[in-house]
Amino acid sequence: MATWGLILETTVGSGERKHTEAYVIAHVEGEREAALAELERRARAYTPEHPRSPRRRRLFRDGDGFLLVVDGAWQSHATRFSAAELLDDTDRPAPAKPVGDAPAEEAPPVTAPTPDGPPQPPPAPASATEDRDADGVPVKPAWLGRTDLP
């Protein structure tokens with residue numbers, strides 16, 4: 001079953017700082033038609049930040065998405081809604097392995113080479129006996145005395 005990302009692209013900021021940003025507003029499991037139906041529902045209910053005084057609102061269907069054009073007193077503002085199939089996500093949890101299957105060989109993780117050799121282990125956690133201020137902050141910072149820092 002496919003996972004679809006519902007994506008909103010809109011203009012944010014004002015003046016010279018105006019730019020387009022994209023947001024994944026939801027994920028939908030299932031068929032493309034279900035994702036498009038949910039996308040249309042969200043596009044119809046969406047209220048953009050700009051313009052502050054909308055005069056006219058038009059929602060267009062465009063291929064696999066929608067285009068919302070809101071006319072303001074001085075400018076029109078557009079927001080594009082699209083549905084795209086999720087192919088890879090670094091934050092997606094790994095699927096559970098079925099019981100009884102042989103473990104699959106996994107490729108070793110790719111890490112960037114370091115000029116100073118292997119990476120150093122992180123410092124040991126602070127012990128409960130170290131000196132602390134009244135608010136619980138250690139008097140000696142954890143980074144002080146570390147040899148793996150520049």
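**Ground rules.** I am working from a predicted model, where local features need pLDDT of at least 70, side-chain atom pairs count only at pLDDT 80 or more, and totals for chains, interfaces and linings use all residues. Residues are numbered from 1 along each chain as its sequence is written, and side-chain values use heavy atoms, with hydrogens and water left out.

**Confidence.** I checked pLDDT, the predictor's confidence in each residue from 0 to 100. The protein averages 79, and 73% of the residues score at least 70. Over residues 110-115 the pLDDT is below 50, and this stretch has one contact in the model beyond near neighbours in sequence. Where pLDDT is low, the predicted coordinates should not be read in detail.

**Layout.** Helices (H or I, at least four residues) and strands (E, at least two) are DSSP runs, numbered from the N terminus. Of the 150 residues, 19% count as buried. I also looked at contacts, meaning heavy atoms within 4.5 Å. Among those between residues at least 6 apart in sequence, 40% join residues at least 24 apart.

**Back to Met-1.** I placed Met-1 in the segment before β1. Leaving aside neighbours within four places in sequence, Met-1 is in contact with Glu-29 and Gly-30. Met-1 and Glu-29 are 28 residues apart in sequence, and their C-alpha atoms are 6.7 Å apart in space.

**Core.** Of its 15 residues, Leu-6, Ala-35, Leu-39, Phe-66, Phe-81 and Ala-83 touch the most other members. At least two residues each come from β1, β2 (19-29), α1, β4 (65-71) and β5 (76-85). The largest share, four residues, is from α1. I listed the contacts of Ala-83, not counting residues up to four places away in sequence: Trp-4, Gly-5, Leu-6, Leu-36, Leu-39 and Asp-64.

**Pocket.** Which residues line the second largest pocket? I noted His-50, Pro-51, Arg-52, Ser-53, Gly-72, Ala-73, Trp-74, Gln-75 and His-77. On a 1 Å grid over the protein atoms alone, a pocket is an open set of points where a 1.4 Å probe fits, with protein on both sides within 12 Å along at least five of seven lines; lining residues have an atom within 4 Å of a point. The space in this pocket is about 170 Å³. I sorted the lining into three nonpolar, five polar and one charged.

**Two lining residues.** I found Arg-52 in the loop between α1 and β3 (56-62). Arg-52 is exposed, with a relative accessible area of 63%. The C-alpha atoms of Arg-52 and Gly-72 are separated by 7.4 Å, at 20 residues apart along the chain. I found His-77 in strand β5. His-77 counts as buried because its relative accessible area is 16%. Leaving aside neighbours within four places in sequence, His-77 is in contact with His-50, Pro-51, Leu-68, Val-69 and Val-70.

Definitions and conventions:
Core = buried A, V, L, I, M, F, W, Y, C linked by side-chain atoms within 4.5 Å. Buried < 20%, exposed > 50% of the residue type's maximum accessible area, 1.4 Å probe, protein only. Points joined across faces, edges and corners; volume = space filled by probe spheres on them. Nonpolar A, V, L, I, M, F, W, Y, C, P; charged D, E, K, R; others polar.
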